[in-house]
Amino acid sequence: EKRQRRTQELAVVNSNGTLLIYDTANGSTLRTIEAHNNGIMNVAFSFDSSMIATASFDHTARLWNADTYACLHTLQHNNFVWAVAFSKLNRSVVASC
């Protein structure tokens with residue numbers, strides 16, 4: 001069962017590799033995910049809010065299911081990954097090294 005779309009959710013990342021999801025209506029932490037082995041530099045929700053992408057100093061970009069928070073895919077790079085972004089139609093994810 002899909003959750004109601006997350007218009008009140010905020011994704012926050014930190015230098016420890018943690019992805020935190022907050023409820024902006026009341027400030028509570030909805031989920032804490034040990035997402036990477038090094039600092040996360042960037043995070044983005046897909047336009048339909050079904051996925052989350054993260055970019056990290058551990059040389060990876062990761063795609064997450066925004067309903068279950070399961071890691072869907074890990075993209076390995078040869079250098080730090082600084083940023084991630086989704087295309088408007090959710091058909092592509094761009095990662096910047």
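Q: Where is Phe80 found?
A: This model is predicted. In it, Phe80 sits in the loop between strand S7 (71-76) and strand S8 (83-86).

Q: Why is Phe80 called partly exposed?
A: Its relative accessibility is 31%. Buried means under 20%, and exposed means over 50%. Phe80 falls in between, so Phe80 counts as partly exposed.

Q: What makes the nonpolar surface patch that includes Phe80?
A: Met41, Phe80 and Trp82 make this patch, of about 270 Å². Patch residues need over 30% relative accessible area. Phe80, at 31%, passes that cut-off.

Q: Why is Thr54 called buried?
A: Thr54 has 0% relative accessibility. The limit for buried is under 20%. Therefore Thr54 counts as buried. Its place is in strand S5 (residues 51-56).

Q: How do you know that the side chain of Thr54 makes a polar contact with the side chain of His36?
A: The distance is 2.7 Å. A polar contact needs a pair of N or O atoms within 3.5 Å. So the pair meets the distance cut-off. A polar contact of 3.1 Å also joins the side chains of Thr54 and Trp64.

Q: What makes up the largest nonpolar core?
A: It has 10 residues in all, including Trp64, Leu19, Ile33 and Tyr69. Core residues must be buried and joined through side-chain atoms within 4.5 Å. Apart from this core lies another, of nine residues, among them Ala44, Ala53, Ala61 and Val81.

Q: Why do nonpolar side chains group like this?
A: In soluble globular proteins, nonpolar side chains tend to be buried together.

Definitions and conventions. Residues numbered from 1 in each chain as written. Predicted model: local features only at pLDDT ≥ 70, side-chain atom pairs only at ≥ 80, totals over all residues. Heavy atoms only, no water. Helix = DSSP H or I, 4+ residues; strand = E, 2+ residues; numbered from the N terminus. Buried < 20%, exposed > 50% of the residue type's maximum accessible area, 1.4 Å probe, protein only. Polar contact = N/O pair within 3.5 Å; in protein donor to acceptor, adjacent residues only side chain to side chain. Patch = residues over 30% accessible without salt bridge, like charges linked within 9 Å, V, L, I, M, F, W, Y side chains within 5 Å. Areas by Shrake-Rupley, 256 points an atom, 1.4 Å probe, with all protein chains shown as cover. Salt bridge = Lys/Arg side-chain N within 4 Å of Asp/Glu carboxyl O.
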